[in-house]
Amino acid sequence: MTRAEARERNRRALLDAAFQVVSRDGYRARLDEIVERAGLTTGAVYSLFGSKNGLVVALVADYLRPYYEEIEQAVPAELDLLEAVDAFARYYRRSCDAPDALAGLSLQITLLDMALHDPELGAQLATSIRSQENHLIALFTGRPHSGRVVTSHQAQRLTTALRALFVGLSQGVTLGLAPDADEQYFADTARALVSELSLVEHDADAL
């Protein structure tokens, strides 16, 4: 095994161990337990991630990366904005039925709790998530809608609204609180956000 391969193996082991411990314990997660599960030492964490917070931020990016890659495949480039939002909504609803949906919800709630207890970590997590959401902004930017082309600013506003909508709906589905929220319901509510109100430009320079 080369040095680079060993480094990547250690990185993967720490991320997998962190997912298990952080999902269970939240801000009480102990670094010594994480490294013990990974079969490494705390020195590996500082070498690879800089700190425990750095490991948590990397965990979020690692967890979200395949999600955004799958979205890009689920929403073809030739669709207009309404069709793209519809496809995205249906993909999001299907993800609620995935085998790891409950674990994902647990991690989501845990990270929110950690951010509330550690403002510095919260700021780092927000930056990481915004960076990941740039994939969605790019996904919607440039698509035709109502005789116009969606700008980056409009796509950003829409992405913010869709994230808030789907996080709430997916939590309801996963917890059994929204049994009637099927793919069509997700698609209908998402399409309702694509209006002149949700896409309005407040900055003339953005037009």
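Two residues are said to be in contact when heavy atoms of one lie within 4.5 Å of heavy atoms of the other. In the predicted model examined here, phenylalanine 140 is in contact with Leu81, Ala84, Val85, Phe88, Val150, Ala155, Leu158, Thr159 and Leu162, once neighbours within four places in sequence are left aside. Phenylalanine 140 belongs to the largest nonpolar core, which has 58 residues. Together with Leu14, Leu55, Ile71, Phe88 and Phe186, Phe140 touches the most other members of that core. Helix α4, formed by residues 52–74, gives the most to this core, contributing 10 residues. In soluble globular proteins, nonpolar side chains tend to be buried together.

Helix α1 covers residues 3–25. The buried residues of α1 are Asn10, Leu14, Leu15, Ala17, Ala18, Val21, Val22 and Ser23. Among the elements that cover them are α2 (31–38), α3 (42–49), α4 and α6 (101–117). Just after α1, glycine 26 adopts a positive phi of about 60°.

Leucine 107 is located in helix α6. Leucine 107 counts as buried because its relative accessibility is 2%, and the cut-off for a buried residue is under 20%. When residues up to four places away in sequence are not counted, leucine 107 touches Phe19, Val22, Ser23, Leu59 and Tyr63. Of these, Val22 and Ser23 are also among the buried residues of α1. Leucine 107 and arginine 24 are separated by 83 residues in sequence, yet their C-alpha atoms are 8.1 Å apart in space.

Charged side chains were examined next. The structure contains 15 salt bridges. One of them is found within helix α4, where aspartate 62 and arginine 65 lie three residues apart, about one turn of the helix. The side chains of this pair meet with an N to O distance of 3.8 Å. Aspartate 62 is buried, because its relative accessible area is 17%, whereas arginine 65, at 36%, is partly exposed.

A second salt bridge joins arginine 94 to glutamate 183, with the closest N and O atoms 3.6 Å apart. Arginine 94 lies in helix α5 (residues 81–95) and glutamate 183 in helix α9 (residues 183–193), so this pair ties together parts of the chain that are 89 residues apart in sequence. Both partners are partly exposed: arginine 94 has a relative accessible area of 42%, and glutamate 183 has a relative accessibility of 26%.

Salt bridges with shared partners also join Arg24, Asp25, Arg30, Asp32, Glu33 and Arg37 into one network. Within this group, the side chains of aspartate 32 and arginine 30 form a salt bridge with an N to O distance of 3.1 Å. Aspartate 32 counts as partly exposed because its relative accessibility is 42%, and arginine 30 is likewise partly exposed, with a relative accessible area of 46%.

Methods: Residues are numbered from 1 along each chain as its sequence is written. This is a predicted model: local features need pLDDT of at least 70, side-chain atom pairs count only at pLDDT 80 or more; totals for chains, interfaces and linings use all residues. Side-chain values use heavy atoms; hydrogens and water are left out. A nonpolar core is a set of buried Ala, Val, Leu, Ile, Met, Phe, Trp, Tyr and Cys residues joined through side-chain atoms within 4.5 Å. Buried means under 20% relative accessible area, exposed over 50%, partly exposed in between (1.4 Å probe, protein chains only). Helices (H or I, at least four residues) and strands (E, at least two) are DSSP runs, numbered from the N terminus. The expected span of a helix is 1.5 Å times one less than its number of residues. A salt bridge is a side-chain nitrogen of Lys or Arg within 4 Å of a carboxyl oxygen of Asp or Glu.
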